[in-house]
Amino acid sequence: MGLSLSARARGIAPSPTLSIDAKTKAMVSRGEQVINLSVGEPDFQTPPEASLAAVGAIAAGFTKYTAVAGIMELRRRIIRKLEQENGLRYEPDEILVSVGAKHSLFNIMLTLVDLGDEVIIPAPYWVTYPEQVRLAGGVPVILPTDESTGFKVTPGQLKEALGPKTKAVILNSPSNPTGAVYRREELKALAEVLRPADCYVISDEIYEKLIYGVEHVSIASLDEEIFRKTLVVNGFSKAFSMTGWRLGYTAGPKDVIKAMTSLQSQSTSNPTSIAQKAGVVALDHFDPDVVEEFRARRDYVLERLRGMPYISCAEPEGAFYLFPNVSRLLGGRYRGQTIDTSDRLCELLLEEARVSLVPGSGFGAPNNIRLSYAVSRVDLEIAMERMEAFLGEVER
């Protein structure tokens, strides 16, 4: 038998967002003036107080292994945050700090999911969810949503999808890629369906602070029964502009956290000691001006998009993405080239207009594209001008 990769490795689909970002950066390195609206990375700086804490940690020699689950100082600060901001009460052994929220989710999947187990995922979804389920040997069960439901799954959909093989349901509010936010009453209705179900709830709340005029509610806060079956995932990348620090966490049932910690001990061990010290301080230095700046950018881009031909766009209530519907563009032609899919549309926008966007196919929504407004207003203005000029040449 010849040498080969594992079936697991062969089956992994690369992240479309990171793939497009890599292609975009390669073009930029060649001197091409591309506006990159493809990646979910805030253009703000990490809170300086957090950076100084990291420098202080290095100077003090805090550069060794820590407890696998994270230093007690950070876990206790996370506990305080969850109680004060989300109405959730945990003990230190119910918190696991990991190498980013993506790592937290990966730990959850490998800890909970056995071969053939089903994980319910509303679409549009973050591209990594179904891939992580497959890596764990599970089966993603996709529930489609669209603009008519505000990109939110309904209790009826959820009830119909639940079955004897269901191990978990993923909820992401605010959502990547749509920016949709579940209201308290909507979560209560979903909880009514989930309460009798023999499954976990995975609540990805990484964008919770980036929310516009509505309330963020964690489904775990609704009642004790839902709390006991929910794993809350959060992190520092988005709200604190700490993408490269790789720091996230899970809060949940003690037995699950214990098993996840054992798993992590055999993969990464502890998260970076220096990043943990930065995280302790970052939680005290969220800048609300960031939210207002993102809101202003959202409003500007939304207005420009709605003025363009063939595009419609719902108004997101959180995160820093817009998710325009481009179905009326499909089948059109640009300079003799057919736009048959949102993937092809994004290819043409990158090659011809030098604007980098992500096709919705990777998110389970082939009629849409994702646009990140986590870049400067100047770049957004240039991108909108280029997109408008491109669309002006599309023939329908």
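Four cavities of 30 Å³ or more are held inside this structure. Here a cavity is a set of points, on a 1 Å grid over the protein atoms alone, where a 1.4 Å probe fits but cannot get out. This is a predicted model, in which local features need pLDDT of at least 70, side-chain atom pairs count only at pLDDT 80 or more, and totals for chains, interfaces and linings use all residues. Residues are numbered from 1 along each chain as its sequence is written, and side-chain values use heavy atoms, with hydrogens and water left out.

**Cavities**

- The largest cavity has a volume of about 140 Å³, a volume being the space filled by probe spheres set on the grid points, which are joined across faces, edges and corners.
- Its lining (residues with an atom within 4 Å of a point) is made of 17 residues, and Pro 122, Pro 124, Asn 172, Ser 175 and Tyr 182 lie nearest the centre of the largest cavity.
- Strand 3 (118-123) and strand 5 (166-172) are the elements that give two or more residues to this lining; strands (E, at least two residues) and helices (H or I, at least four) are DSSP runs numbered from the N terminus.
- By type, the lining of the largest cavity has 12 nonpolar, five polar and no charged residues. Ala, Val, Leu, Ile, Met, Phe, Trp, Tyr, Cys and Pro count as nonpolar, Asp, Glu, Lys and Arg as charged, and the others, Gly among them, as polar.
- The second largest cavity holds about 60 Å³ of space, and its lining residues include Lys 81, Glu 208, Phe 236 and Leu 283.
- Seven nonpolar, two polar and three charged residues make up the lining of the second largest cavity.

**Helix 11 with helix 4**

- Helix 4 (residues 72-86) and helix 11 (residues 273-282) pack at about 30°, with axes 9 Å apart; axes are lines fitted to C-alpha atoms over the stretch in contact, and angles run from 0 to 180 degrees between N-to-C directions.
- The two helices are therefore roughly parallel (angles under 35 degrees).
- Glu 73, Leu 74 and Arg 77 of helix 4 make the contact (heavy atoms within 4.5 Å) with Gln 276, Lys 277, Gly 279 and Val 280 of helix 11.
- That contact has two nonpolar, two polar and three charged residues.

**Helix 11 with helix 3**

- The axes of helix 3 (residues 48-59) and helix 11 come within 8 Å and cross at roughly 145°.
- Among the residues that meet here are Ala 53 and Ala 57 in helix 3, and Ala 278 and Val 281 in helix 11.
- This contact has nine nonpolar, no polar and two charged residues.

Methods: Angles under 35 degrees count as roughly parallel, over 145 as roughly antiparallel, 65 to 115 as roughly perpendicular and the rest as oblique. On a 1 Å grid over the protein atoms alone, a cavity is a set of points where a 1.4 Å probe fits but cannot get out, and a pocket is an open set with protein on both sides within 12 Å along at least five of seven lines; lining residues have an atom within 4 Å of a point.
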